[in-house]
Amino acid sequence: MKKMIFIGVVAVLILSWGKIHHFITAPPDFAALHEESVILYGTSWCPNCAQTRKFLKSGNVPYFEYDVDNSSEGQRQFKALHGNGVPVLLINNTVIRGYDPNAILHALKDNQIVP
């Protein structure tokens, strides 16, 4: 019986490794590849992406944007960040999913990008 439970636990761990690995490792530092510390992964048709752009521009926050529909590099980074919806923001090493002004502002302040 103990052997069956052990095998079951090991099977669950193997099948869930991608999700587990995501939570125990830091996201890749793609911001280091750009002059800007903020990277927006979005699309041209997404209303929440438009709100995110407007929010960043209103705070004079410099950012680099990948259109994940048209950029293979943007798609690669988006997938590496486990993106499954847009927008995704990468602020230094902080990942923000969706349009969340409070989280964006908090991450900008934590990373000393805005006062």
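A salt bridge here is a side-chain nitrogen of Lys or Arg within 4 Å of a carboxyl oxygen of Asp or Glu. With that in hand, a search of the whole structure finds two salt bridges. Before we visit them, a word on the model: it is predicted, so local features need pLDDT of at least 70 and side-chain atom pairs count only at pLDDT 80 or more, while totals for chains, interfaces and linings use all residues. Residues are numbered from 1 along each chain as its sequence is written, and side-chain values use heavy atoms, with hydrogens and water left out.

## The sheet

Let us start with the strands. Helices (H or I, at least four residues) and strands (E, at least two) are DSSP runs, numbered from the N terminus, and two strands pair if DSSP finds at least two bridges between them. Four strands form an open sheet in the order E2-E1-E3-E4, with mixed pairing. E2 and E4 stand at the edges with a single partner strand each, so one side of each has no neighbour in the sheet. From one strand to the next, the twist averages 15 degrees.

E1 and E3 run antiparallel and are joined by four bridges; tyrosine 41 has valine 88 in E3 as its bridge partner. E3 and E4 are also antiparallel, with four bridges between them. Here valine 88 has arginine 97 in E4 as its bridge partner, and leucine 90 stands opposite valine 95 in E4. The hairpin of E3 and E4 has two residues between the strands, and asparagine 92 in this hairpin takes a positive phi near 55 degrees.

Which way do the side chains of E3 point? Val88 and Leu90 point one way and Leu89 and Ile91 the other, and all are buried (under 20% relative accessible area; exposed is over 50% and partly exposed in between, with a 1.4 Å probe and protein chains only). The largest nonpolar core has 12 residues, among them Val38, Leu40, Leu89, Ile91 and Ile104. A nonpolar core is a set of buried Ala, Val, Leu, Ile, Met, Phe, Trp, Tyr and Cys residues joined through side-chain atoms within 4.5 Å. E1, E3 and H5 each give two or more residues to this core, and H5 supplies the largest share, three residues. A second, separate core of 10 residues includes Tyr66, Phe78, Val88 and Leu90.

In helix H5 (residues 101-110), the buried residues are Ile104, Ala107 and Leu108. Seen down the helix axis, they fall within an arc of 100 degrees, so they line one face of H5; the arc is that of the directions from the helix axis to the C-beta atoms. They pack against strand E1 (38-42), helix H3 (47-58), strand E3 (88-91) and strand E4 (94-97), where contact means heavy atoms within 4.5 Å. The face turned away carries the exposed residues Asn102 and Asp110.

Helix H4 (residues 72-80) buries Gly74, Gln77 and Phe78. These fall within an arc of 105 degrees seen down the axis of H4, so they too line one face of the helix. Their packing partners are E1, strand E2 (64-67) and E3, while Ser72 and Lys79 are exposed on the other side of H4. Just after H4, histidine 82 takes a positive phi of about 60 degrees.

## The salt bridges

Now back to the charged pairs. Side chains of opposite charge can pair when their charged atoms come close. Arginine 76 and glutamate 73, by contrast, both lie in helix H4, three residues apart, about one turn of the helix.

| Salt bridge | N to O distance |
|---|---|
| Arginine 53 and glutamate 65 | 2.8 Å |
| Arginine 76 and glutamate 73 | 2.7 Å |

How accessible is each partner? Arginine 53 counts as buried at 16% relative accessibility, whereas glutamate 65 is partly exposed at 28%.

Note on methods. Axes are lines fitted to C-alpha atoms, for helices over the stretch in contact, and angles run from 0 to 180 degrees between N-to-C directions.
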